[in-house]
Amino acid sequence: AYLNFDYDINSKIHVEAVLAHESTTPAGPFEVLPDNNSAMFLKYADVRVKQIFTGTDLILGQQRTPTFATSGGSEPIWQYRAIERTITDFRRLASSTDLGVGLEGKYLDGALGYNLLYGNNLGAKVNESLPTDASHSPRGYADVYYKFFDKRLELQLYADYGMDPNNWAYTADSSKYKFTSTSMTVKGFIAWVVPMFTIGVE
């Protein structure tokens, strides 16, 4: 379940906030997940500055990642989130939300687009495996897509790269932490979309 707030401050600035309840396992009367995080959390909270240059918006805050959730991603194409998640979501290769600075561009009446995001790689919840002085484990995200044949055929290329927040260690004098490995995802997506059905491979 989601509670969504959208508001246009003026013609250039749009704000969004989304509360989400996404528990998939029984968690007792207070709906506390096994990792002690509340099942109700702030999934998105961002400010969009429209048309900072031709065709491109600047997005600041907790926002959708290009992994699968942005306008050119696979989740808006498949649509049936209630039936099953996308493969990148199912395998938890990256979160659908991250805190950072992003650019979203659309051209040719939405047929051509891209998304860039530099985020802290923590998703919408604090990673409790990190030390308390660990502020972030940065990740860069990027995708580009094009829709052919009157937007019936979509091709998307996506990649992300960043520090792995699950692998870290303190320095020899225990004064600072450091990440010990990185992770990278590269994927392609192709789909044929018509009113009666959608077929594709990710």
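User: Why is Lys151 called partly exposed?

Analyst: The relative accessible area of Lys151 is 37%. A residue is buried under 20% relative accessible area, exposed over 50% and partly exposed in between, with a 1.4 Å probe and only the protein chains considered. Lys151 is therefore partly exposed. This is a predicted model, in which local features need pLDDT of at least 70 and side-chain atom pairs count only at pLDDT 80 or more, while totals for chains, interfaces and linings use all residues. Residues are numbered from 1 along each chain as its sequence is written, and side-chain values use heavy atoms, without hydrogens or water.

User: Where does Lys151 lie, and what marks its backbone?

Analyst: Lys151 belongs to the loop between strand 7 (139–148) and strand 8. Its phi is near 65 degrees, a positive value in a residue other than glycine.

User: What makes Leu108 an exposed residue?

Analyst: Leu108 has 56% relative accessibility, so it counts as exposed. Leu108 sits in the loop between strand 5 and strand 6, and it too is a residue other than glycine with a positive phi, here near 55 degrees.

User: Why are Lys43 and Thr65 called buried?

Analyst: Lys43 is buried because its relative accessible area is 7%. Thr65 has a relative accessible area of 0%, so it is buried as well. Lys43 is part of strand 3, whereas Thr65 lies in the loop between strand 4 and helix 1 (74–78). For the whole protein chain, 38% of the 202 residues are buried.

User: Which residues surround Thr65?

Analyst: Contact here means heavy atoms within 4.5 Å. Leaving aside neighbours within four places in sequence, Thr65 is in contact with Thr70, Ser95, Ser96, Thr97, Asp98, Leu117 and Tyr141. Thr97 also has its C-alpha atom 6.6 Å from that of Lys43, although the two residues are 54 residues apart along the chain. Across the protein chain, 52% of the contacts with a separation of 6 or more join residues 24 or more positions apart.

User: How do you know how many helices and strands the protein chain has?

Analyst: Helices (H or I, at least four residues) and strands (E, at least two) are DSSP runs, numbered from the N terminus. The protein chain has two helices and 12 strands, in the order β-β-β-β-α-α-β-β-β-β-β-β-β-β from the N terminus on.

User: What makes strand 4 a partner of both strand 3 and strand 5?

Analyst: Two strands pair if DSSP finds at least two bridges between them. Strand 4 (residues 56–64) has six bridges to strand 3 (residues 40–53), in the antiparallel sense, and Arg48 stands opposite Ile59 there. Nine bridges, again antiparallel, link strand 4 to strand 5 (residues 97–107), with Arg64 and Thr97 as bridge partners. The hairpin of strand 3 and strand 4 has two residues between the strands, and Gly55 takes a positive phi near 80 degrees.

User: How do you know that strand 11 pairs with strand 8 and strand 12?

Analyst: Strand 11 (residues 182–194) is joined to strand 8 (residues 153–163) by 11 bridges, and to strand 12 (residues 197–201) by five bridges. Both pairings are antiparallel. Tyr161 is the bridge partner of Met184, and Trp192 is that of Ile199. The hairpin from strand 11 to strand 12 passes through two residues.

User: What makes one space a cavity and another a pocket?

Analyst: On a 1 Å grid over the protein atoms alone, a cavity is a set of points where a 1.4 Å probe fits but cannot get out; a pocket is an open set with protein on both sides within 12 Å along at least five of seven lines, and lining residues have an atom within 4 Å of a point. Two cavities of 30 Å³ or more are counted. The largest cavity holds about 50 Å³, and its lining includes Ile59, Arg64, Thr70 and Leu117. Strand 4, strand 5 and strand 6 (112–119) each give two or more residues to that lining.

User: What is known of the second largest pocket?

Analyst: The second largest pocket has a volume of about 390 Å³. Its lining has 21 residues, of which Glu16, Tyr44, Arg64, Ala69 and Glu75 lie nearest its centre. Strand 3 supplies the largest share of the lining, four residues.

How values were computed: Grid points are joined across faces, edges and corners, and a volume is the space filled by probe spheres set on the points.
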